[in-house]
Amino acid sequence: MNKKFDLKKLLDNPKFTKILIIVGFCAIVLIFLSSYIDLSFFTSKNNTDEYCDALEENLLAIVTQIEGVGDAKIFLTMDNNGENVYLNNSDTKTKSITPVVRGVVIVCDGGDDPLVVARVMSAVTKSLNISTNKVCVTKLSTYMEETK
């Protein structure tokens, strides 16, 4: 009862050959289709997007607490998408580098008051460690509210 595995006999079997051809064909079709199918709905939100959203929420929470700001909206732009850098001489294999803030736009009710603008500029530049030329603070338009 000592049976050896005989590959030649297995390959000569027409049923096995048909199954092998069908599986191979299906694999080729799936590989071909994968370049045309958008699978992004399977992945969660990008870490950079999550980081940017959290930063916007935190800034909005702080800025709206400044006297005279009133209602505010914040828009951030990032310089890169963050990186994973491979390390040579370290216990860890990679190090994540967070994205860098390129610019901030703050639109608020008090954006026409120079004192409010100065306070907001100071808070944003110090909290994000960026220069003032990367921050724009302006008045929130009431045009949409007046037309309603």
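I began with the sheet pairings and looked up S1 (72–78) and S4 (101–108), which pair in the antiparallel sense over seven bridges; two strands count as paired if DSSP finds at least two bridges between them. Helices (H or I, at least four residues) and strands (E, at least two) are DSSP runs, numbered from the N terminus. The model is a predicted one, in which local features need pLDDT of at least 70 and side-chain atom pairs count only at pLDDT 80 or more, while totals for chains, interfaces and linings use all residues. Residues are numbered from 1 along each chain as its sequence is written, and side-chain values use heavy atoms, with hydrogens and water left out.

I then turned to S4 and S5, which run parallel and are joined by five bridges; here valine 107 stands opposite threonine 138 in S5.

Next I looked up the largest nonpolar core, which has 23 residues. Such a core is a set of buried Ala, Val, Leu, Ile, Met, Phe, Trp, Tyr and Cys residues joined through side-chain atoms within 4.5 Å, where buried means under 20% relative accessible area, exposed over 50%, and partly exposed in between (1.4 Å probe, protein chains only). The residues with the most contacts inside this core are Val104, Val120, Val124 and Leu128. Two or more residues each come from helix H3 (47–63), S1, S4, helix H4 (114–128) and strand S5 (135–139), and the largest share, six residues, is that of H4.

What does H4 bury, and on which side? I listed Val116, Val117, Val120, Met121, Val124, Thr125 and Leu128 as its buried residues; seen down the axis of H4, they fall within an arc of 150 degrees, so they line one face of the helix. The arc is that of the directions from the helix axis to the C-beta atoms. What covers these buried residues includes H3, S1, S4 and S5, whereas Lys126 and Ser127, on the other side of H4, are exposed.

At the start of H4, I found a side-chain oxygen of aspartate 113 reaching to within 3.2 Å of the backbone nitrogen of leucine 115. After the helix comes asparagine 129, whose phi is positive, near 55 degrees.

I also checked glycine 111, in the loop between S4 and H4, which counts as buried at 11% relative accessibility. Not counting residues up to four places away in sequence, glycine 111 touches Val117, Val137, Thr138 and Lys139; its C-alpha atom is separated by 7.1 Å from that of valine 69, 42 residues apart along the chain.

In helix H3 I looked up glutamate 56, which is buried with a relative accessible area of 19% and, leaving aside neighbours within four places in sequence, is in contact with Ile74, Phe75 and Leu76.

Asparagine 13 caps the N-terminal end of H2, with a side-chain oxygen 3.1 Å from the backbone nitrogen of lysine 15.

Technical notes: Contact = heavy atoms within 4.5 Å. Polar contact = N/O pair within 3.5 Å; in protein donor to acceptor, adjacent residues only side chain to side chain.
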